[in-house]
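Hello,

Here is the structure we talked about handing over. Please have a look at it, then read my notes below.

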Amino acid sequence: ERLLKMTLEERRKEYSRQYVPLKDIPTWMEDIKSKNESDGENTKEEAQGKRSLSEKVSLYRGDITLLEVDAIVNAGR
């Protein structure tokens, strides 16, 4: 309850180690664009077909306990 009443800045002062803000994790679309730019490729058709999903989903590889999110859901069965 105490954490719920805090502002984001107040909560960040309580963290005991570094965190990864969600805004720092690129969406799938942003990741595709940056890889294509670095490879010098232009795969617009591929990105176009995945647009709706790829603008909403981010792929993160790392320690999920460091993510600055409200919840982590395990979709395993």
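One aromatic pair turns up in a search of the whole structure, which is a predicted model. Tyr15 and Tyr19 form that pair. Their ring centres are 5.0 Å apart and the planes sit at 65 degrees, so the arrangement is edge-to-face. Tyr15 is partly exposed, at 32% relative accessibility. Tyr19 is also partly exposed, at 28%.

Next, the salt bridges. The whole structure has six.

- Glu9 and Arg12 join through their side chains, 3.3 Å from N to O. Both belong to helix H2 (residues 8-14), where three residues, about one turn, separate them. Glu9 is partly exposed at 49% relative accessible area. Arg12 is partly exposed at 22%.
- Lys23 and Asp24 also form a salt bridge, at 3.3 Å, N to O. Lys23 is exposed, with a relative accessible area of 70%. Asp24 is partly exposed, at 48%.
- Asp31 bridges to Lys35, again 3.3 Å from N to O. These two are four residues apart in helix H3, so about one helical turn separates them. Asp31 is partly exposed at 25% relative accessible area, and Lys35 is partly exposed at 47%.

There is a network too: Glu9, Arg12 and Glu68 are joined by salt bridges that share partners.

Now a loop residue. Thr27 lies between strand S1 (20-21) and helix H3 (28-39). Is Thr27 buried or exposed? Its relative accessible area is 17%, under the 20% cut-off, so Thr27 counts as buried. Beyond its neighbours within four places in sequence, Thr27 contacts Ser54, Glu55, Val57 and Ser58.

Tyr60 sits in the loop between helix H5 (51-54) and strand S2 (67-68). Tyr60 is partly exposed, with a relative accessible area of 31%.

Finally, the chain as a whole. It has five helices and two strands. Along the sequence they run α-α-β-α-α-α-β. Of the 77 residues, 14% are buried. The chain exposes about 7000 Å², and carbon and sulfur atoms supply 50% of that area. Among contacts with a separation of 6 or more, 74% are between residues 24 or more positions apart.

Best wishes

Notes. Residues are numbered from 1 along each chain as its sequence is written. This is a predicted model: local features need pLDDT of at least 70, side-chain atom pairs count only at pLDDT 80 or more; totals for chains, interfaces and linings use all residues. Side-chain values use heavy atoms; hydrogens and water are left out. Rings of Phe, Tyr and Trp (its six-membered ring) pair if their centres lie within 6.5 Å; planes under 30 degrees apart count as stacked, over 60 as edge-to-face and the rest as tilted. Buried means under 20% relative accessible area, exposed over 50%, partly exposed in between (1.4 Å probe, protein chains only). Contact means heavy atoms within 4.5 Å. Accessible areas come from the Shrake-Rupley method with a 1.4 Å probe; for residues, only the protein chains shown count as cover. A salt bridge is a side-chain nitrogen of Lys or Arg within 4 Å of a carboxyl oxygen of Asp or Glu.
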